[in-house]
Amino acid sequence: MKIGIGLPTSLAGAAGADVVAWARLAEQAGYSTLGTIDRLVHTSWEPLTTLAAAAAVTKRIGLATSILISPLRANTALLAKQAATVDRLSGGRLTLGMAVGSRPDDFEVGQVEKAGRGARTGTQVAELRRHWADAQSGREPSVGPAPIRPNGPELILGGHSPAALARAARLGDGWIGGGTGPIMFAQGAQALREQWAAEGREGAPRLVALAYFALGADGTKYTEGYLRSYYRDAGPFVEHILRGAADNPGKLRGLVGKYAEAGCDELLLMPCAGDLGQVEAAAQVLGLQG
C-alpha cells in the first residue's frame with residue numbers, strides 16, 4: 001500500500017512558504033502523493049491552485065484532489081482547463097478526486113443548487129473526458145491545454161452512499177473513501193468491487209482512503225482541535241472521526257495496517273498539525289524511504 005500525505009492548507013494560519021516546504025519535504029521523505037481537501041466555507045485553500053504550486057517545487061510525487069467538490073465548479077469546461085493545466089505543470093502527476101459534497105453552506109455561498117448534484121457530477125465526468133480527448137486529438141475548437149496522460153488525469157470518485165458507489169463503479173477509475181476509518185472503508189471498497197463487476201468493468205478499481213494524524217506530545221490536542229472545528233456541523237459523527245485519528249506512533253502504525261488489510265491501494269495521511277516536523281515524524285514511524 002502506498003502512503004501519501006495531505007498538504008496543511010486546511011489548517012488555520014497556513015503560510016505559503018510552509019506549504020511549499022512541506023511539499024518538498026514530503027517528496028524527499030518518500031511519500032507517494034500530496035493531497036488536498038476542499039471546502040468553500042472554510043479557511044482551506046483552493047485545491048487546484050495549491051497543487052499547481054506544489055507541482056512547481058517537486059518532480060516525482062503524485063498530486064491529488066482528495067477530494068474536489070465538483071458541483072461547485074459549475075463551469076465544467078473551465079474545470080477541464082484548470083485540471084489539464086496542473087497535469088501539464090506536473091508532467092502528468094495529477095489525480096482528480098471528485099465528490100458531490102454535503103454541507104449546505106458551501107452550496108448557499110457558492111450560489112449552486114445542492115439538489116441534483118449527484119447527477120451533475122456524473123455529467124461532469126463525461127464532459128471532462130470529452131474536453132480532454134478533444135484537446136489531445138487536436139480537434140477544433142477545443143478546450144486546451146491537452147493533458148499529458150492519454151485519457152487525461154485519473155478520475156477517482158468519492159462518497160459512501162449507494163448512489164455514490166454506483167457512480168464511481170460506472171464512471172470512475174476508482175473510489176476514494178473519506179476519513180471514516182478502516183471498517184467503513186472496507187465496507188465501501190467491497191461494495192465498490194461488486195458494483196464494478198456488475199458494470200462489466202475490466203481490471204480492478206483503484207481504492208484510496210484518508211486518515212487524520214498529528215504526532216508529538218500535543219498530538220491529541222491538535223487532532224481534537226482541528227477535527228472538532230472542521231466537523232463542527234457533523235453532530236455525533238465527529239466522535240467517530242476522532243476515535244480514528246492517529247495521535248501517537250503506535251496508533252498510526254496500527255491504522256495503516258488496518259487499511260492495508262482492507263485492500264486500500266493508497267492511504268493519504270491528512271495533517272491536523274501544520275509544523276513541518278509532522279512530515280518526517282510520520283515517515284520515520286512508517287519506515288518510508290525517499
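This is a predicted model: local features need pLDDT of at least 70, side-chain atom pairs count only at pLDDT 80 or more; totals for chains, interfaces and linings use all residues.
How many aromatic pairs does a search of the whole structure find? The search finds six.

**Rings and charges**

Y212, Y226, Y230 and Y231 are joined into a cluster by ring pairs. Y230 also has charged groups over its ring. R103 lies over the face of Y230, 5.0 Å from the ring centre. The charged end of R39 sits over the ring of Y230 as well, at 5.9 Å from its centre.

**Nonpolar cores**

The largest nonpolar core holds 56 residues, and the members that touch the most others are Y31, L34, L96, F185, L252 and L267. Another core lies apart from it, with 26 residues that include L11, I37, L72 and L268. L267 is in contact with residues from several parts of the sequence, among them M1, I3, A209, L210, V256 and Y259, when neighbours within four places are left aside.

Helix α3 covers residues 76-89, 14 residues in total, and spans 20 Å from its first C-alpha to its last, close to the 20 Å expected at 1.5 Å a residue. Its buried residues are T76, L79, A80, A83, A84, V86 and D87. Seen down the axis of α3, these residues fall within an arc of 160°, so they line one face of the helix. An α-helix has 3.6 residues a turn, so residues three or four places apart point the same way. The cover over the buried residues of α3 includes α2, β3, β4 and α5.

In helix α9, residues 237-244, the buried residues are V238, I241 and L242. They are on the same side of α9 because they cover an arc of only 100° around the axis. These buried residues pack against β7, α8 and α10.

L94 is located in strand β4, residues 94-99. Is L94 buried or exposed? It counts as buried because its relative accessibility is 0%. Leaving out residues up to four places away in sequence, L94 touches L48, L51, L63, A83, V86, D87, R149, P153 and E154. Among these, A83, V86 and D87 are also buried residues of α3.

G30 is in the loop between α1 and β2. With 28% relative accessibility, G30 counts as partly exposed. Beyond its neighbours within four places in sequence, G30 is in contact with L288, Q289 and G290. G30 and K2 are 28 residues apart in sequence, and their C-alpha atoms are 9.8 Å apart in space.

**Backbone exceptions**

Most residues other than glycine have a negative phi, and most peptide bonds are trans.

| Peptide bond | Form | Omega |
|---|---|---|
| S66 to I67 | cis | near 15° |
| G144 to P145 | cis | near 10° |

I67 lies in strand β3, whereas P145 is found in the loop between α5 and β5.

Q111 is in the loop between α4 and α5. Q111 counts as exposed because its relative accessibility is 74%, and the cut-off for exposed is over 50%.

Note on methods
Residues are numbered from 1 along each chain as its sequence is written. Side-chain values use heavy atoms; hydrogens and water are left out. Buried means under 20% relative accessible area, exposed over 50%, partly exposed in between (1.4 Å probe, protein chains only). Helices (H or I, at least four residues) and strands (E, at least two) are DSSP runs, numbered from the N terminus. The arc is that of the directions from the helix axis to the C-beta atoms. Contact means heavy atoms within 4.5 Å. A nonpolar core is a set of buried Ala, Val, Leu, Ile, Met, Phe, Trp, Tyr and Cys residues joined through side-chain atoms within 4.5 Å. Rings of Phe, Tyr and Trp (its six-membered ring) pair if their centres lie within 6.5 Å; planes under 30 degrees apart count as stacked, over 60 as edge-to-face and the rest as tilted. A charge sits over a ring if NZ of Lys or CZ of Arg is within 6 Å of the ring centre and within 35 degrees of the ring normal. The expected span of a helix is 1.5 Å times one less than its number of residues.
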